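Have a look at the sequence and the 3D view, then read on.

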Amino acid sequence: MKYQIKGEPMPVVICQLEANERVTCESGAMSWMTPNMEMETSGGGLGKMFGRMVSGESAFQNHYVAKKSAGMIAFASKFPGAIKAYEITPSTPIICQKKSFLACTEGVELSVHLQKKMGSGFFGGEGFVMQKITGNGVAFIEIDGSTVEYNLERGQQMVIDTGYLAMMDATVNLEIQQIKGVKNALFGGEGLFNTVVTGPGRVLLQTMPISGFASLIASMIPSKG
């Protein structure tokens, strides 16, 4: 399969499939396609369906196959930002924020990833529940805003504000660090906790978390008096 990512800040990934080649996407993600693309909706079993629902996705996925000849299908982002393509192998799974999965080639699996420490989930902003992408193929994920990627060495750390962590290699460790000082925590405007990631591995940060954007819009809407 060949693909192109176009159109930031409202990007779309356009996939060119050979005859009988297959691609999988989140329910409702298809934007346009050639007439010979045939869709089949499936859940893949109760366990996988439950895992996808817990991780923020639909219980069902849509599988598209190019029938009889080459075909084209496009998947557009639902929020201003970026679409990133990642090569997934059995030895290089990735962990993503909830609702970031967009589409993938055949051979890639989406499942739930639970943080090892409860505090990481309840206070870290990225959530106790994240998405794990495994298998062998290409995965497309949605990013809020622009992206900055770091490659952390073993033991190297980075402190991240709530919601800015979009993706990390499965080799990266995530923990929570409470902001020191009562005045800092209460009046600093940065919340009570930060996310701390420790290498080795890649970390992808996003510049406009949708949660922060939604809070900003909500603060500008006059309350009904």
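Not counting residues up to four places away in sequence, N36 touches V65, A66, K67, S69, A70 and G71, where contact means heavy atoms within 4.5 Å. N36 sits in the loop between β4 (30-33) and β5 (37-42); helices (H or I, at least four residues) and strands (E, at least two) are DSSP runs, numbered from the N terminus. With a relative accessibility of 18%, N36 counts as buried. For that label, buried means under 20% relative accessible area, exposed over 50% and partly exposed in between, with a 1.4 Å probe and protein chains only.

## What you are looking at

This is a predicted model, so local features need pLDDT of at least 70 and side-chain atom pairs count only at pLDDT 80 or more, while totals for chains, interfaces and linings use all residues. Residues are numbered from 1 along each chain as its sequence is written, and side-chain values use heavy atoms, with hydrogens and water left out.

The mean pLDDT of the protein is 83, and 75% of its residues reach 70 or more; pLDDT is the predictor's confidence in each residue, from 0 to 100. Over residues 120-126 pLDDT stays under 50, and the model has 21 contacts beyond four places in sequence for them. Over residues 181-189 pLDDT also stays under 50, with five such contacts.

## The overall build

The protein has four helices and 19 strands. Of its 225 residues, 43% count as buried. Of the contacts with a separation of 6 or more, 78% come from residues 24 or more positions apart. The protein exposes about 12,000 Å², and carbon and sulfur atoms supply 57% of that; the areas come from the Shrake-Rupley method with a 1.4 Å probe, and for residues only the protein chains shown count as cover.

## Strand β10 and its partners

Is strand β10 (residues 101-105) buried or exposed? Five of its five residues are buried, so β10 is largely enclosed by the rest of the structure. Three bridges join strand β3 (residues 22-26) to β10, and the two run antiparallel; strands pair if DSSP finds at least two bridges between them. V23 has T105 as its bridge partner in β10. Three bridges also join β10 to β13, again antiparallel, and C104 is partnered there by A139.

C104 comes up again with the cysteines. A search of the whole structure finds zero disulfides, a disulfide being a pair of cysteine sulfur atoms within 2.5 Å. The closest cysteine sulfur to that of C25 is in C104, 8.8 Å away, which is too far for a bond. C25 is buried at 0% relative accessibility, and C96 is buried at 0% as well.

## Strand β1 and the aromatic pair

The structure holds one aromatic pair. Y3 and F140 form it edge-to-face, 5.0 Å centre to centre and with 85 degrees between the planes. The pair links distant parts of the chain, with Y3 in strand β1 and F140 in strand β13 (residues 137-144), 137 residues apart. Rings of Phe, Tyr and Trp (its six-membered ring) pair if their centres lie within 6.5 Å; planes under 30 degrees apart count as stacked, over 60 as edge-to-face and the rest as tilted. Y3 is partly exposed at 35% relative accessibility, whereas F140 is buried at 0%.

I5 lies in strand β1 (residues 2-6) too, and is partly exposed with a relative accessible area of 31%. Leaving aside neighbours within four places in sequence, I5 is in contact with P11, V12, V13, I83 and A85.

| Site | Feature | Value |
|---|---|---|
| E8 to P9 | cis peptide bond | omega about 20 degrees |
| G199 to P200 | cis peptide bond | omega near 25 degrees |
| K68 | positive phi, not glycine | phi near 70 degrees |
| K99 | positive phi, not glycine | phi near 70 degrees |

P9 is in the loop between β1 and β2, and P200 in the loop between β18 (193-198) and β19 (201-206). K68 is found in the loop between β6 (61-66) and β7 (71-76) and is exposed at 85% relative accessible area. K99 lies in the loop between β9 (94-96) and β10, and is exposed at 56%.
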